[in-house]
Amino acid sequence: MGEVVVKVDHEIKWIKHYSSCHKILLVGEGDFSFAACLAKAFATASNIIATSLDSRESLAMKYTRATTNLKELEELGCTIFHVVDANTMSQHPELNFKYFDRIVFNFPHAGFIWREHDILKILSHQNLVKGFLRSARDMLKENGEVHVTHKTAHPFNRWEIEKVAEEVGLRLVDKVLFYIWDYPGYENKRGDGSRCNESFPVGVTSVAIKGPDGDRVVVTGNGVDSAELTRSLRTKIGDATIVSVQSLNERDGRSSLEATAIAVNSSDFDGDELNPELTLQIRSQSNSWV
Ligand SMILES: C[S@@+](CC[C@H](N)C(=O)[O-])C[C@H]1O[C@@H](n2cnc3c(N)ncnc32)[C@H](O)[C@@H]1O
């Protein structure tokens, strides 16, 4: 009988904060493009459990690429569960007594019922984040981390995620700038309403410039079009007058590589770089591990 050579590839692959050695739970996925991005980077998804609140049927109706992404994930060995509520996931029959190195919820959002700055809306977002963090706390391995990627512009900063984390016995260990281009193929989705399949602006930074003509706010975006950039600028500066919005390399009327918007007379700005998206890295406060 000939010799059989079995090659075991032990190479650990990394993408940003995540490695093929981590046991990873993804929560509140939109079109599963974040899960697919990690899976492709690792060339396997056997270490990933990816979940959505939506049913499979609903995903297929909401997102143009969900079915393709799910198929790719399954081929790479991903475990996928639908109708998983972040508030109660630790009690889910398939997740009960499973523990993770990384539990990730990108851009948690409770839906578009009220306007973002309404107190009821902010409370509903906080309830979602609190329920998620409480449940995630019970599913962390020793030295495990919960990651929440979140916008820091007003009114999103009023969610006070750091405080919410403390209320459930977790503590913030780091805040890391989030750049969507670190995750090829990932498309952050609005996830709700008639525009659920659309992305919202991320990777936009603001620069405040003080000059003789009054304050100017320059917002530059990477991978966003001028309409998205204008929306983002409005969120950041409220009523200031937008004097110019320019997209460089705008293609197909939509995607651009760089865009710049300038507004004057904003009183809110005194920093150099403002309101970026951040990934909050959160750990247990106590030493009593599962
Ligand atoms: C703004 S979208 C972000 C989607 C996705 N994480 C992304 O980055 O593209 C908010 C997501 O939160 C999910 N969500 C809202 N409430 C949830 C809950 N109770 N449990 C799990 N997911 C929830 C929605 O289904 C939606 O997919």
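Biologist: Which residue just after α3 takes a positive phi?
Modeller: G77 does, with a phi of about 90 degrees. Helices (H or I, at least four residues) and strands (E, at least two) are DSSP runs, numbered from the N terminus. The model is predicted: local features need pLDDT of at least 70, side-chain atom pairs count only at pLDDT 80 or more, and totals for chains, interfaces and linings use all residues. Residues are numbered from 1 along each chain as its sequence is written.

Biologist: Which residues of α3 are buried?
Modeller: In α3, which covers residues 66-75, they are A66, N69, L70 and L73. A residue is buried if 20 or more other C-beta atoms, placed from the backbone, lie within 10 Å of its own, exposed if 12 or fewer, and partly exposed in between.

Biologist: Where do they lie, seen down the axis of α3?
Modeller: They fall within an arc of 100 degrees, so they line one face of the helix. The arc is taken from the directions from the helix axis to the C-beta atoms. An α-helix has 3.6 residues a turn, so residues three or four places apart point the same way.

Biologist: And what does the face turned away from the buried side carry?
Modeller: That face of α3 carries K71 and E75, which are exposed.

Biologist: What covers the buried residues of α3?
Modeller: The cover includes α1 (33-42), β4 (48-51), α2 (56-62) and β5. Contact requires C-beta atoms, placed from the backbone, within 7 Å.

Biologist: Let us turn to α1. How many of its residues are buried?
Modeller: In α1, 8 of the 10 residues are buried, so this helix is largely enclosed by the rest of the structure. The buried ones are S33, F34, A35, A36, C37, L38, A39 and F42. They pack against β1 (14-15), β2 (18-19), β3, β4, α3 and β6.

Biologist: What follows α1?
Modeller: A43 follows α1, and its phi is positive, near 60 degrees.

Biologist: New topic: what is the strand order in the open sheet?
Modeller: The 7 strands run β5-β4-β3-β6-β7-β13-β8, with mixed pairing. Two strands pair if DSSP finds at least two bridges between them.

Biologist: Which strands stand at the edges?
Modeller: β5 (79-81) and β8 (170-177) do; each has a single partner strand, so one side of each is left without a neighbour in the sheet.

Biologist: In which sense do β3 and β6 pair?
Modeller: Strand β3 (residues 24-27) pairs with β6 (residues 100-106) in the parallel sense, over 4 bridges. L26 has V104 in β6 as its bridge partner.

Definitions and conventions:
Contact = placed C-beta atoms within 7 Å.
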